[in-house]
Amino acid sequence: MNIDSFLYKQNSCIHFGVDSTKKMGDILFKTSASAIIACDPFLKPFSLKLKEECPQIKDIFSEIEPNPQLTGVMKLLILASLHKCDTIIAIGGGSVMDTAKFVKGVYSYKPMDIPELLKFFRQEVPFNVTSPIKIIAVPSTAGTGAEVTSVSVVSHGDIKNTINSPVFLPDICVIDPTLTLTVPPRVTMITGLDALSHALESFWNINHQPITDLLAKEAAKHIFSNLSNAYNEGRELNSRIGMSYGALLAGLAFSQTRTAGCHAASYPLSMIFHLAHGEACAFTLAGFIRLNNDERLEELAREVGFSDTNEMENYVVSLQRIAGLKTTIEDLGISDTYHLSKLCVEHPLMKFNPVQPSVTDMQELFKSLGK
Ligand SMILES: NC(=O)c1ccc[n+]([C@@H]2O[C@H](COP(=O)([O-])OP(=O)(O)OC[C@H]3O[C@@H](n4cnc5c(N)ncnc54)[C@H](O)[C@@H]3O)[C@@H](O)[C@H]2O)c1
Ligand SMILES: [Fe+2]
């Protein structure tokens, strides 16, 4: 391989391992005087237990739902200000971590109403690069990699914005695969396919470099060998460990390269057809494996255990099908894909795809899905 110059930036401290959340007391003892927990409603009992064990934790906010809204950011911001917090512990999937990351980004400005917050959401006001508040990210799904990215995805009404800022990078992450044992099968598959999209899109990304290639390949290997088992035997810890590790590596890879075609297409797919993030990313994954196929991708397919990219592509579709996810445009209930295809090729993330599809190419890609 030709090793060119590259830049790799990552400043978070990563604690990975079964029961690593038991270190929270030690971590807070060293880093925090006043912390609050932002958590998924499902993780409230776990958060209450943590609060009992750690005197630094002053309160729990558990009202964050999927597709987090700016109103949730506002409520968390008010609670953090009330307790004069120096730390938010975000326990949940991407939705919880992204809400906490947005609060970190605006905390020093103290916007106290939605119109003020909207200026940041619309990026009319820049985020400070530093913040008086730290984020400890504790993922409860094996998917987004949001614990190691400087991205926050929040919505205001129907408008979903993906914002990049160095301030969003969590300071510490604690990845405890036992938290994912309760994730239901369908969410396990959707979040796992999100992580697989991160790995593959980082690998074929125009910004790929030697370290991200290593991370992306290793991520894909772990996800391909554990996802079906995590879906079928959710209580089996080893496949959950493999998925948490794979999702982390994929997050580290795309935190450098960004994503590409599948994520570009996921935005109109989620907006128009209300698909969950990972289902929307996976919808075009097989199509982009075909479109972006080259020698490097053939080599990755062999290294992760397939005979070629064709076999890898078929396996991706079989994963979508066992979880009953949508795989064809007929499943979306449409036959004319012109409008959808135009939105996909015009999305800013498409420029990171190695092949720039025309609207007609994208229509062909949609037509070929599931065939
Ligand atoms: N910031 C980033 O880098 C980044 C990257 C990719 C995606 N995202 C965003 O992340 C969001 C999706 O996050 P997600 O896929 O992790 O899902 P999520 O956080 O929306 O959670 C999905 C569902 O799983 C449930 N859940 C979560 N953990 C559970 C557990 N341990 N046991 C049982 N149920 C559990 C939640 O209650 C929810 O119903 C989307 O908004 C997406 O756009 C962000
Ligand atoms: Fe994603």
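**Exercise 1.** What spacing do the donors of the iron ion (ligand 2) follow along the chain?

*Solution.* The model is a predicted one. Start with the donors: the protein supplies Asp194 (OD), His198 (NE2), His263 (NE2) and His277 (NE2), at 2.1 to 2.3 Å from the iron ion (ligand 2). Written along the chain, the donors of this ion give the spacing D-x3-H-x64-H-x13-H.

**Exercise 2.** Decide why the arrangement of the four donor atoms around the iron ion (ligand 2) is irregular.

*Solution.* Take the angles: the four donor atoms subtend 82 to 170° around the iron ion (ligand 2). Compare with the tetrahedral case, for which all angles must lie between 85 and 135 degrees. The angles of 82 to 170° make the arrangement irregular.

**Exercise 3.** Find which side chains make polar contacts with ligand 1, and state how much of the ligand the protein buries.

*Solution.* Begin with the oxygen atoms of ligand 1. A polar side-chain atom of Asp40 is 2.8 Å from an oxygen atom of ligand 1, and a polar side-chain atom of Thr141 is likewise 2.8 Å from an oxygen atom of ligand 1. Then turn to nitrogen: an N or O atom in the side chain of Asp98 lies 2.7 Å from a nitrogen atom of the ligand. Last, the area: ligand 1 taken alone exposes 870 Å², and the protein buries 88% of that.

**Exercise 4.** Describe the shell around ligand 1.

*Solution.* Count first: 27 residues surround ligand 1, the closest being Ser95, Asp98, Ser140, Thr141 and Thr149. Sort them by type: 11 are nonpolar, 11 polar and five charged. Finally, assign them to domains: domain 1 (13–179) and domain 2 (185–368) each give at least three residues to the shell.

Technical notes: Residues numbered from 1 in each chain as written. Chains lettered and ligands numbered in written order. Predicted model: local features only at pLDDT ≥ 70, side-chain atom pairs only at ≥ 80, totals over all residues. Heavy atoms only, no water. Near = heavy atom within 4 Å. Polar contact = N/O pair within 3.5 Å; in protein donor to acceptor, adjacent residues only side chain to side chain. Areas by Shrake-Rupley, 256 points an atom, 1.4 Å probe, with all protein chains shown as cover. Nonpolar A, V, L, I, M, F, W, Y, C, P; charged D, E, K, R; others polar. Domains from an automatic or database assignment. Donors = N, O, S within 2.8 Å, 3.2 Å for Na, K, Ca; no water. Tetrahedral: all angles 85-135°; square planar, octahedral: opposite > 155°, others 65-115°.
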